[in-house]
Amino acid sequence: MTDLQERGHLLTEQVNPDSLNLDQLSSVEFIELFNREDAKAVAAVVAAKENLAKAIDLSAQSLKKGGRLFYVGAGTSGRLGVLDAAECPPTFCTPPELVQGIIAGGAGALVRSSEDLEDCAEDGEVAIAQREITQLDVVVGITAGGTTPFVQGAIKAAKSRGATTVFIACVPSEQVSVETDVDIRLLTGPEILAGSTRLKAGTATKLALNILSTGVMVKLGKVYGNRMVDVAVTNQKLQDRALRILQDLTSLSREAASTLLERSGKWVKLAILMHETGLDKKQASKLLTQYQGNLRKAIEAKK
């Protein structure tokens, strides 16, 4: 235990003076306190907007060149990264390998606490090597307190391979400094329950990841207006959503929209392009490929 690092100075480990009587509050007072503190998570994301925007732009540029986006974390941070990555295929019809989550301890750590596995930097390095990270890829290290060895090791290894690196932490850079291309600090302050970073820090991280992945997908042409035109039509709910998107954007009846969706191979984006241009499936698909999947540019090219 001689190498045990003192972390009491970290912002995420400090005691919140506004919740010292947490165990004495009524349920309503408890909720009101949480609401006040949770508002700080939103403010923290706003304060980090410049670097978050930089992360969106660099990630989109890399993915357009054939790169991949990786989230690396442990505990809550790792689970949030895996969750965000897992939501990309159904929302944007991306291949599973395009956005990936890496969590210390592997899949088992998603449902069972395995925080001891985050203490090995070498494991983070191995995770990067196993996925054959290259200069085309983007690696986002997520660690509320900034000190997680698994994440630190992964970032270092990714950087040595020429990958674009992004660091997301909830402590100021003067407390934990990291050599990275983009440094995002979500300064949410001490937690209501001291040290429990699944709370405000976790909320701010989830918000930031929502923004990052959605922003990247918008820039990749996965969105038309504010519609998920690359939605994967894999169940009844998503088929209904696809039909409503088609009806709203084409003014077709539900029956006509259903026929169009089937003709397109259940690809909303292609269905819209076919409707707007009069092209058949093969011609529309070729045009869409010509414009790297950007529906707006493909439609404008035929006007």
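A: In this predicted model, H1 passes H6 in a right-handed crossing. The two axes cross at roughly 40° and come within 9 Å. On the H1 side, the residues that meet H6 are Glu37, Asp38, Lys40, Ala41, Val42 and Val45. Their partners in H6 are Lys200, Thr203, Ala204, Leu207, Ala208 and Ile211. Sorted by class, this contact has seven nonpolar residues, four charged ones and one polar one.

In soluble globular proteins, nonpolar side chains tend to be buried together. Here the largest nonpolar core has 35 residues. Tyr71, Val99, Val140, Val166, Ile184, Leu186 and Leu212 have the most contacts inside this core. H6 supplies the largest share, seven residues.

Leaving aside residues up to four places away in sequence, Val140 touches Leu69, Phe70, Tyr71, Val72, Val166, Ile168 and Leu212. A second, separate core has 25 residues, including Ile245, Leu261, Leu270 and Met274.

A last point concerns cysteines. The structure holds zero disulfides. Cys170 is buried, because its relative accessible area is 0%, and buried means under 20%. Cys120 has a relative accessible area of 25%, so Cys120 is partly exposed.

Note on methods. Residues numbered from 1 in each chain as written. Predicted model: local features only at pLDDT ≥ 70, side-chain atom pairs only at ≥ 80, totals over all residues. Heavy atoms only, no water. Core = buried A, V, L, I, M, F, W, Y, C linked by side-chain atoms within 4.5 Å. Buried < 20%, exposed > 50% of the residue type's maximum accessible area, 1.4 Å probe, protein only. Helix = DSSP H or I, 4+ residues; strand = E, 2+ residues; numbered from the N terminus. Contact = heavy atoms within 4.5 Å. Axes fitted to C-alpha atoms, helices over the stretch in contact; angles between N-to-C directions. Left-handed = near helix turned anticlockwise from the far one by under 90°. Nonpolar A, V, L, I, M, F, W, Y, C, P; charged D, E, K, R; others polar. Disulfide = S-S within 2.5 Å.
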